[in-house]
Amino acid sequence: MKHFSTCAALAACLLLPVAAHGDSAQRPDDHAPIGVMGDHTHQAGEWMLSWRRMAMTMERNRDGTDDLSTSEVLRSGTGAYMVAPTRMTMVMHMLGVMYAPSDSVTLMAMLPWVDNEMDHVTAMGGRFSTDSGAMGDLKLAALIPSGRHTWTLGLSVPTGDLDQRDTTPMGRSVLPYPMQIGSGTYDLTLGWGHLTTRPDDSFGAQIKGTFRLGENDEGYTKGHELGATAWYARRLSERLSVSLRGTWTVLGNYDGADPRYAMALANRIVTTVDPDRRAGNRLEVSLGANLTLESGHRLSLEVSAPVRQDLDGPQLQVDRVWTLGWQRAL
Ligand SMILES: [Cu+2]
C-alpha cells in the first residue's frame, strides 16, 4: 500500500469489496469524538480516508455574555447599524487522507468545501439572505505519536476564496468577513493530544493553536485561534461507544481591515464588516457516538451546544454544531 498515490487509495476504497480490509480489532473509542481532528496516528504503511459533514447554526446576536434583540443592533431601535444579521448556517464537507510512512509519523491532508448562508433584517424592516460557497483552505499536518500523546505540526494553505459576492440591498457586493471562505494566509497549527484507554472506557484531551503567518492579499489577518477539549468515552459494546466532551474555544479579532468594506464600516452599515467584532470565546458541551462496522468502516456523529459565549459584539452566537463522519482505514 506504500506505493499508492492518494488517488489510487481513493479509488481502492471505492472499488474494494467492503470486507477486504476489516480492522475489526479496533475499538470504536480508539478514535476521538468525530468533532476532534488529528487525534490519532497510524502504523507504518497504513492509509485512512475520511469524510466529515459539519453543520454549524448561528442564531441571535450577542454582546459580551448578553443576548441582544435585533432592535438593540439596528439604528431604528437602540443600536447603531443599518443591517443586523439574524441567522447564519455554515455547512462544511471535509475530505481527509492519512498515511503513515513510518510508525513515528502520520501525515494528514484535509480539503474542505464550505457553503454559507446568512439572513439579515434591515432598519427599514426588510429582510434578505446571502449565500457563499467554495473550496476552503487545504490543511496539511504531521502527527507524531509519543506513548499516549500525539504532537501535531500543521500548515494551512490559503486555497480558500476571499472574493465571495452576492446580491444585497446595496447591489452586488463583496460579502462580509464571516461569509468569506479562506484565511488568505498560511497558518501554522501546533497541537498536543492524549488518549488513555481502559477495558470499558477511555478519556482524551487535545490542545491546539492556529497562528496566522503574515497578512492576506485583502490587507488583513484573521485572528489567532486556541482550542482545548477533553472527553470521556464509554463502550456500550465491542463496536459502539458514546462520548461526552467539553470544548473551550478562543478566537481573536482581525488585524488590519479589508479596504473593500471601508465605506460599510465607516457608515456602520452592518456588524459583520468590523474586524474588531470577530473575537470571542465559548464553552461547548458535546454528545457523540462512534460505531465500527465489521467491514472496517467507521461511522460517527456528534452534536455540540454552547453553554457559555462571550463575544466582542454585536455578533451572531453559535447555536448548534452537528458533525457526521465516515472513516476507513486501508
Ligand atoms: Cu486516521
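Q: How many residues lie between β10 and β11 in the hairpin that they form?
A: Welcome to this predicted model! Strand β11 covers residues 201-213 and runs antiparallel to β10, with 12 bridges joining the two. The hairpin that β10 and β11 form has between them 3 residues.

Q: Which residue in β11 stands opposite Thr189?
A: β10 and β11 run antiparallel and are joined by 12 bridges. Within this pairing, the residue opposite Thr189 is Thr210.

Q: How many bridges join β7 to β10?
A: β10 also pairs with strand β7, residues 149-157, and the two run antiparallel. In this pairing Leu153 stands opposite Leu190 of β10. The number of bridges that join β7 to β10 is 8.

Q: Is Trp192 buried, exposed or partly exposed?
A: Trp192 lies in strand β10. A residue needs 20 or more other C-beta atoms within 10 Å to be buried, and 12 or fewer to be exposed. Trp192 has 15 such atoms, which falls in between, so Trp192 is partly exposed.

Q: What is the C-alpha to C-alpha distance between Trp192 and Gln206?
A: Leaving aside residues up to four places away in sequence, Trp192 touches His149, Trp151 and Ile207. Gln206 is 14 residues from Trp192 in sequence. In space, their C-alpha atoms are apart by 5.6 Å.

Q: How many helices and how many strands does the protein have?
A: β7, with residues 149-157, and β10, with residues 186-197, are two of the strands. Counting over the protein gives 2 helices and 17 strands.

Q: What is the radius of gyration of the protein?
A: The C-alpha trace spans about 60 × 35 × 35 Å along its principal axes. For 330 residues the globule rule gives 20 Å, and the protein comes close to that, so it is as compact as a globular protein of that length. Its radius of gyration is 21 Å.

Q: How many residues link β3 to β4 in their hairpin?
A: Strand β4 spans residues 105-122 and is antiparallel to β3, with 17 bridges joining them. Ala84 stands opposite Val121 of β4. The hairpin joins β3 to β4 through 2 residues.

Q: Is Thr70 buried or exposed?
A: Thr70 sits in the loop between β2 and β3. Beyond four places in sequence, Thr70 is in contact with Asn61, Ala84, Thr86 and Val121. A count of 20 or more C-beta neighbours within 10 Å is needed for burial. Thr70 has 21 of them inside 10 Å, so Thr70 is buried.

Q: How many bridges pair β14 with β16?
A: β14, residues 240-251, is joined to β13 by 11 bridges, and these strands run antiparallel. β14 also pairs in the antiparallel sense with β16, residues 280-292, and there Val242 stands opposite Ala289. The bridges between β14 and β16 number 12.

Q: How far apart are the C-alpha atoms of Arg298 and Ser50?
A: Arg298 is found in strand β17, and it is buried, with 22 other C-beta atoms within 10 Å. Residues that Arg298 touches include His31, Asn290 and Trp326. Along the chain, Arg298 and Ser50 are 248 residues apart. Their C-alpha atoms are separated by 9.1 Å.

Terms used. Residues numbered from 1 in each chain as written. Predicted model: local features only at pLDDT ≥ 70, side-chain atom pairs only at ≥ 80, totals over all residues. Pairing = 2+ DSSP bridges. Helix = DSSP H or I, 4+ residues; strand = E, 2+ residues; numbered from the N terminus. Rg over C-alpha atoms; globule rule 2.2 N^0.38 Å. Contact = placed C-beta atoms within 7 Å.
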